[in-house]
Amino acid sequence: MPVPITVVKASVVTDATGVVTQVPALITPYGVLEPLLDYFLARRHDRSLAWMQKGARAVRLFVEYLSTNPDERDNYRLFLNFAQRLYTGTLVAETGEDPSGLGWA
């Protein structure tokens, strides 16, 4: 089963002024995915909120895919299969079942 991940709107204060910046954040069972949050904070002046939301969704899908394929060690194959599943979905055409639990149409 995929790891449950939630995309939320984070309100972040980065300095003593108390000014709040809102950016998307991914919450995993292990906490906030901080590298992505830091990246969005660094790019908030030249990227739109819509761009960040699309980026957060893409990372969420990839992390979910990783959690259902933890034994794949070949990075090339991992990305190739991830891209293919985005295109074809994860349902078995003949049976309609989804052994991965991802449920991607």
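Is Val32 buried, exposed or partly exposed? Val32 counts as partly exposed, because its relative accessibility is 37%; buried means under 20% relative accessible area, exposed over 50%, and partly exposed in between, with a 1.4 Å probe and protein chains only.

Before going on, the basis. This is a predicted model, where local features need pLDDT of at least 70, side-chain atom pairs count only at pLDDT 80 or more, and totals for chains, interfaces and linings use all residues. Residues are numbered from 1 along each chain as its sequence is written, and side-chain values use heavy atoms, with hydrogens and water left out.

Back to Val32. The residue sits in strand β3, residues 31-32; strands are DSSP runs of E with at least two residues, helices are runs of H or I with at least four, and both are numbered from the N terminus. Together with Val8 and Ile27, Val32 makes up a nonpolar surface patch with about 180 Å² of accessible area. Patch residues have over 30% relative accessible area and no salt bridge; nonpolar side chains (Val, Leu, Ile, Met, Phe, Trp, Tyr) are joined within 5 Å, like charges within 9 Å. The areas come from the Shrake-Rupley method with a 1.4 Å probe, and for residues only the protein chains shown count as cover.

Next, the helices. Helix α1, residues 34-43, packs with helix α2, residues 49-68, at an angle of about 165 degrees, the axes being 11 Å apart. Axes are lines fitted to C-alpha atoms, for helices over the stretch in contact, and angles between N-to-C directions run from 0 to 180 degrees. α1 and α2 are therefore roughly antiparallel; that label applies over 145 degrees, with roughly parallel under 35, roughly perpendicular from 65 to 115, and oblique for the rest.

α2 also meets helix α3, residues 75-88: their axes come within 11 Å and cross at roughly 115 degrees. That makes α2 roughly perpendicular to α3.

Last, the salt bridges, meaning a side-chain nitrogen of Lys or Arg within 4 Å of a carboxyl oxygen of Asp or Glu. The count is three.

Asp46 pairs with Arg43, with the closest N and O atoms 3.2 Å apart. Arg43 is partly exposed, at a relative accessible area of 22%.

Glu64 and Arg60 form a salt bridge at 3.1 Å, N to O. Both lie in helix α2, four residues apart, about one turn of the helix. Glu64 is buried, at 11% relative accessible area.

Glu72 and Arg77 form a salt bridge at 4.0 Å, N to O. Glu72 is partly exposed at 26%, and Arg77 is partly exposed at 44%.
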